[in-house]
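Hi,

Here is the structure I promised to pass on.

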Amino acid sequence: MSEHQNLRQAALFYHEYPKPGKLEIRATKPMANGRDLSRAYSPGVAEACLEIKADPANSARYTARGNLVAVVTNGTAVLGLGNIGALASKPVMEGKAVLFKKFASIDCFDIELNEPDPEKLAEIVCALEPTFGAINLEDIKAPDCFIVEKICRERMNIPVFHDDQHGTAIVVGAAAKNALHVAGKAFEDIKIVSTGGGAAGIACLNMLLKLGVRRENVWLCDIHGLVYEGREVDMNPQKAAYAQPSDLRDLDQVIEGADMFLGLSGPNVLTPKMVAKMNSRPVIFALANPTPEILPEEARKVAPDAIIATGRSDYPNQVNNVLCFPFIFRGALDVGATEINDAMQLACIDGIAQLARATTSAEAAAAYRGEQLTFGADYLIPKPFDPRLIGTVATAVAKAAMESGVASRPLEDLAAYKQKLNGSVFKSAMMMRPVFEAARTASRRIVFAEGEDERVLRASQAVLEETTETPILIGRPDVIERRCERYGLTIRPGRDFEIVNPQDDPRYRDYWGTYHSLMSRRGVTPDLARAIMRTNTTAIGAVMVQRGEADSLICGTFGQYLWHLNYIQQVLGSGALHPVGALSLMILEDGPLFIADTHVHHDPTPEQITETVIGAARHVRRFGLEPNVALCSHSQFGNLDCGTGQRMRAALEILDSEPRNFNYEGEMHIDAALDADLRERIFPETRLKGAANVLVFANTDAASGVRNILKMKGGGLEVGPVLMGMGNRAHIVTPSITTRGLLNMSAIAGTPVAHYG
């Protein structure tokens, strides 16, 4: 079977199984009993209806309309398939709907209409206004699409956006803005030659004019050649606006001296010979799909310095509408915009362009591993899976809507809005806010043991951008320098952060001397101390903290947890400081859940369990939550005389021996801990109210197992593990940690001990 046949079969299988199509509808409210039904439908639903009748704006409060978009088409110009009809276009429209949901959490219905007449099509769309908060017109042929959009925008009081036109134009605008920045050229000075007089092509040219291009510098060609004054063949008002008073007639003639080629036409329209006639450092946007107007490798044979974008994902700089439409609709819906105007579209362009010029996000780098994501000729616009898009672009759009007067529900706090959007993609963001705020009260020095790791380097960049902390990296300076450059990071050793080089550091003698003095009566010779300070970055970091050259150590991006813990105990474990337990925060769809002890004590004593409970309660408050601790075991309120039950009952007695300022109960099963009704049936005298938010286990097998199941199968995001009992002087992460996880841990490490409660 050929590669094409394999792809075809895989695509068909994807659409058919496990159930046909890509969409389904799910209820957002409980429908479990008669009481639910009476509120969801008759008679309770009448109350919501009357509120909306009294004030139509209430539809955004009581229905899904404020977050609901319609993707509407008649199937007359679908992708590269042409006029395939409304029904055959449905897979594409379903795909558009799931992109809205995936990238911007916007609900979407796809609507395919058997109506070729543009005016009648517009009438149908206008009649949909009570159902939707916005309309996305899609895959309607030119010039009909211009007519439909014009009528709908004039008659409807909600945003109407033809994505083939404006979405493409916005992404082209962002890419062009950055391409000219790289080329050292300005919009007002360049000559543009464009092929394709369809909806997307005309919209792109209109947008480029708004960005500063002079109309007299735009040369539009279509299948019949140059659009010139007096031409009568295949003309419409949109094309005529770009007619040139010229005797030139074809692309080969007009390409001479062009700075930018914009292709939205067909395959192989632009030849290498034509590219050779363009100005130096030409910008070539060959956006025809699947075969562009010219392949990048062909263009570079005659213009090695060309800056090239295509519509394909297998080349750099893919011009993809998904960079725009989810986020421009997100911003428009959230402020109740009555339209998507020029100011909002230009704000969208600026947001997309600025993101590409900023440091690449770690999440985008992980999604596109192996690609060079450093701003420049091969990275003009961000990747679709860059999670910063929603916060940056939607906020810029919302702000522009408010400032231009089209927002019916203006936002009071744009900064809080951006944080909320970021929290929707960075699941830990909202939970971590109290910790980050506490960390900003002091500037602490955080030493990272594995300073050459990509995640550590990206986290260090984020630490410098988002916190008041100072990262210190242990590693080889030349390796760190090269990797910062390779990953597109702006930070550099010596300038932005300190480096400790295990192979050659002037403090080496002081470090091994300190380590030897601490360990000389535990079998460590001077030679062994020297060797450890040359090779063991965790021990080096711990010595730095012990000597006061750093405030906290973060290690563990590779290696076994207890191996790292051994050196931390050796160097930093003295007096009141000793490892109490490891606490992991699992951020789940229905709220946070803390798990302990996941790593430190395999079979803890009752005294160690007690310390873990007290430490966990103290740390939970750092996240702005009140601890509700359940002591979990195989036994439930004394029904089994097993080892875990005995230890938990003994720990409970120790806890009860003094007044505590938090709620706790035990011993019990996990289901009883999380289900208050079940717990009260089993043990009516329970001291816990509601579901527990902290589960403390009698061994690390159980705690770590629950943690990993929640992470791998429950969709949980882990913050931690937090090493309790060491005065915030050291934390050991696990090899699965992400860059975002390291940033979170740096905020925890950056919190002064006084904030621990």
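To start with the sheets: how many bridges join strand β9 to β10, and do the two run parallel or antiparallel? There are 4 bridges between β9 (residues 283-286) and β10, and the strands run parallel. One of the facing pairs is Ala286, which stands opposite Thr310 in β10.

Before I go on, a word on the ground rules. This is a predicted model, where local features need pLDDT of at least 70 and side-chain atom pairs count only at pLDDT 80 or more, while totals for chains, interfaces and linings use all residues. Residues are numbered from 1 along each chain as its sequence is written, and side-chain values use heavy atoms, with hydrogens and water left out. Helices (H or I, at least four residues) and strands (E, at least two) are DSSP runs, numbered from the N terminus. Two strands pair if DSSP finds at least two bridges between them.

**The sheets**

β9 and β10 belong to an open sheet of 6 strands, in the order β7-β6-β5-β8-β9-β10, with mixed pairing. β7 (225-226) and β10 (307-310) are at the edges with a single partner strand each, so one side of each has no neighbour in the sheet.

Thr73 has Glu112 as its bridge partner in β2.

**An aromatic pair**

α5 turns up again here. The model has 9 aromatic pairs, counting rings of Phe, Tyr and Trp (its six-membered ring) whose centres lie within 6.5 Å, with planes under 30 degrees apart called stacked, over 60 edge-to-face and the rest tilted. Phe100 and Phe329 have ring centres 5.2 Å apart and planes at 85 degrees, so this pair is edge-to-face. Because Phe100 lies in helix α5 and Phe329 in helix α14 (residues 325-334), the pair ties together parts that are 229 residues apart in sequence.

**Two helix pairs**

Helix α15 (residues 342-357) packs against helix α17 (residues 388-403) at about 150 degrees, with their axes 8 Å apart. That makes α15 roughly antiparallel to α17 (angles under 35 degrees count as roughly parallel, over 145 as roughly antiparallel, 65 to 115 as roughly perpendicular and the rest as oblique). The contact includes Ala343, Met344 and Gly351 of α15 and Arg388, Leu389 and Thr392 of α17. By class, the contact has 12 nonpolar, 2 polar and 1 charged residues (Ala, Val, Leu, Ile, Met, Phe, Trp, Tyr, Cys and Pro are nonpolar, Asp, Glu, Lys and Arg charged, and the others, Gly among them, polar).

Helices α20 (residues 454-466) and α31 (residues 739-749) have axes that come within 8 Å and cross at roughly 50 degrees. That makes α20 oblique to α31. The residues of this contact divide into 6 nonpolar, 2 polar and 4 charged.

Most residues other than glycine have a negative phi, and most peptide bonds are trans. The Ser42 to Pro43 bond is cis, with omega near 5 degrees, and Pro43 lies in the loop between α2 (34-40) and α3 (45-54). Gly720 and Pro721 are also joined by a cis peptide bond, with omega about 5 degrees; Pro721 lies in strand β20 (residues 717-724). Asp139, in the loop between β3 and α7, has a positive phi near 55 degrees.

Cheers

How values were computed. Axes are lines fitted to C-alpha atoms, for helices over the stretch in contact, and angles run from 0 to 180 degrees between N-to-C directions. Contact means heavy atoms within 4.5 Å.
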